[in-house]
Amino acid sequence: MQTNSKQSFDLKSVLILILTPIAALIFIPYYAVTYGFSSADWFWFGFFMVATGLSITAGYHRLWSHRAYKAKAPLKIFFMLFGAASLQNSIIKWSSDHRKHHRHVDDKELDPYAATRGFWYSHFTWMLRELPKKVAKIENVADLEQDKIVAFQHKHYVPLAVFMCVLLPMLIGATYGSMVGCLLLAGLLRLVLNHHFTFFINSLAHVWGKQKYSDENTSRDNPILSLFTYGEGYHNYHHKYAGDYRNGVKWYDFDPSKWLIFGSAKIGWAYDLKTTPKPVIEAARASMQLKQAQNKLKDKRYIKLVLEFEQRLEEQYKLLFDSIKDWAKAKQLWLQAKKDKLSATQLTQLKLHYKELKRRFKTERKVWRVMAGSSVSLAKLSGNQA
């Protein structure tokens, strides 16, 4: 395969990604000092920032790339238009690249923005040169090409992008006498920030954070990063369960994209929201905790003590895993019984059994977490004594 060093520069990407930050650094401070930005300018900056960011995360990413839910036309049109304003390519091209990323994650040849090729490569330099034809080719998006809204955007991407990113902020600014001010904030500054916040998902989210669900690739969970990426910082979970409409699976996880999708479902604009069953998630977390605890206990002086503790750790893990399986099975039986409309007595018995197994799981999980945490202390103790 042709290497990146022999490829020619992508002039369009170079101009957009290099010149826009330079223009922002020059013109925005100059305008601020010379004329000043109004509160309306900052309002529209905030609106465009959120609208374009969510159109990428909840639209391009979760709706179209992963089909994590379905949406009605009003929501799809909103995402289509403000996604074009982000200047990150059409839905079809963006989704094609992203599906390749998930299929070949970390592969230096086939992953378009492999984190294994370095931070800056995955952040944005992969876009500055033309990718090999095998990687750049639009494929695996036949489902999206059948969507009339998506196909329309792909066909008319350039005029839509120019209108949404440049002309619309100017028109809005003209209504209150600040055409240039609105363009600079809602158009230029917003574009630069929106670009690099999105790029953080490809770069920082693969090097900074924890691997709570899988270590099969470089993806990481990072709540801090979610503050800038509209909830996409829970990236390890996402790579493990890409079809889930949530990235922040806990109710308190900062995930505005999840909240937007959930809220849209409540008013009928989104439906068929896909989620990963909780027992499956807990099983993945427990497996990673066992693996990480075992790694911490390796190569220590008091090997007998370590081996005894590791054996107990594995036994507790089995108890936890069995409780997860029993809980999941009982829940499935209860839900099926509700569908089959069994008698109230049978439903009550099944529900009580399900709740009892859920309580057992929570008890085993508490013991497990104490033991997994103790492995860290044991590893430190044996290390200090060595």
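# Report on a predicted chain

D106 is found in the loop between α4 and α5 (119-123); helices (H or I, at least four residues) and strands (E, at least two) are DSSP runs numbered from the N terminus. The model is predicted: local features need pLDDT of at least 70 and side-chain atom pairs need pLDDT 80 or more, while totals for chains, interfaces and linings use all residues. Residues are numbered from 1 along each chain as its sequence is written, and side-chain values use heavy atoms, with hydrogens and water left out.

The phi of D106 is near 75 degrees, a positive value in a residue other than glycine. Most residues other than glycine have a negative phi. D106 has a relative accessible area of 15%, and therefore it is buried (buried means under 20% relative accessible area, exposed over 50% and partly exposed in between, for a 1.4 Å probe and protein chains only). A second residue other than glycine with a positive phi is N140, where the value is near 60 degrees. N140 lies in the loop between α6 (133-136) and α7 (142-145). Because its relative accessibility is 42%, N140 counts as partly exposed.

## The chain as a whole

The chain contains 16 helices and 2 strands. Its C-alpha atoms fill a box of roughly 70 × 65 × 45 Å, taken along the principal axes. The chain has 386 residues, of which 48% count as buried.

Contacts (heavy atoms within 4.5 Å) also describe how the chain folds back on itself. Among contacts between residues at least 6 apart in sequence, 71% join residues at least 24 apart.

## Helix α1

The 24 residues of α1 should span 34 Å at 1.5 Å a residue, and its end C-alpha atoms are 33 Å apart, so the two values agree; the expected span is 1.5 Å times one less than the number of residues. α1 bends by about 30 degrees at L19, and the proline P21 follows within four residues. The bend is the angle between axes fitted to the seven residues ending at a residue and the seven starting there.

The buried residues of α1 are S13, L17, T20, P21, A23, A24, I28 and Y31. These buried residues pack against α10. After α1 comes G36, whose phi is positive, near 90 degrees.

## Helix α10

The helix that α1 packs against has 24 residues, and α10 reaches 34 Å from its first C-alpha to its last, close to the 34 Å expected at 1.5 Å a residue. α10 bends by about 35 degrees at R190. It is mostly covered, with 18 of its 24 residues buried.

With a relative accessibility of 11%, N202 counts as buried. Beyond its neighbours within four places in sequence, N202 is in contact with Y113, A115, S122 and W126.

## Pocket and cavities

The largest pocket has a volume of about 920 Å³. Of the 39 residues that line this pocket, S13, L87, Q88, N89 and M127 are the closest to its centre. On a 1 Å grid over the protein atoms alone, a pocket is an open set of points with protein on both sides within 12 Å along at least five of seven lines, a cavity is a set where a 1.4 Å probe fits but cannot get out, and lining residues have an atom within 4 Å of a point. Points are joined across faces, edges and corners, and a volume is the space filled by probe spheres set on them. At least two residues of the pocket lining come from each of α1 (11-34), α2, α4 (91-103), α9 (157-174) and α10. The largest share, 10 residues, is supplied by α10.

A search of the whole structure finds 2 cavities of 30 Å³ or more. The largest cavity has a volume of about 50 Å³, and its lining consists of G53, I56, T57, N194, F197, T198, I201, F228, T229 and Y230. The elements that give two or more residues to this lining are α2 (39-65) and α10 (179-202). Among the contributors to the cavity lining, α10 gives the most, with 4 residues.

## Residue F262

F262 is found in helix α13 (residues 256-266). Its relative accessible area is 42%, so F262 is partly exposed. Leaving out neighbours within four places in sequence, F262 is in contact with Y245 and L273. F262 and V166 are 96 residues apart in sequence and 31 Å apart in space, C-alpha to C-alpha.
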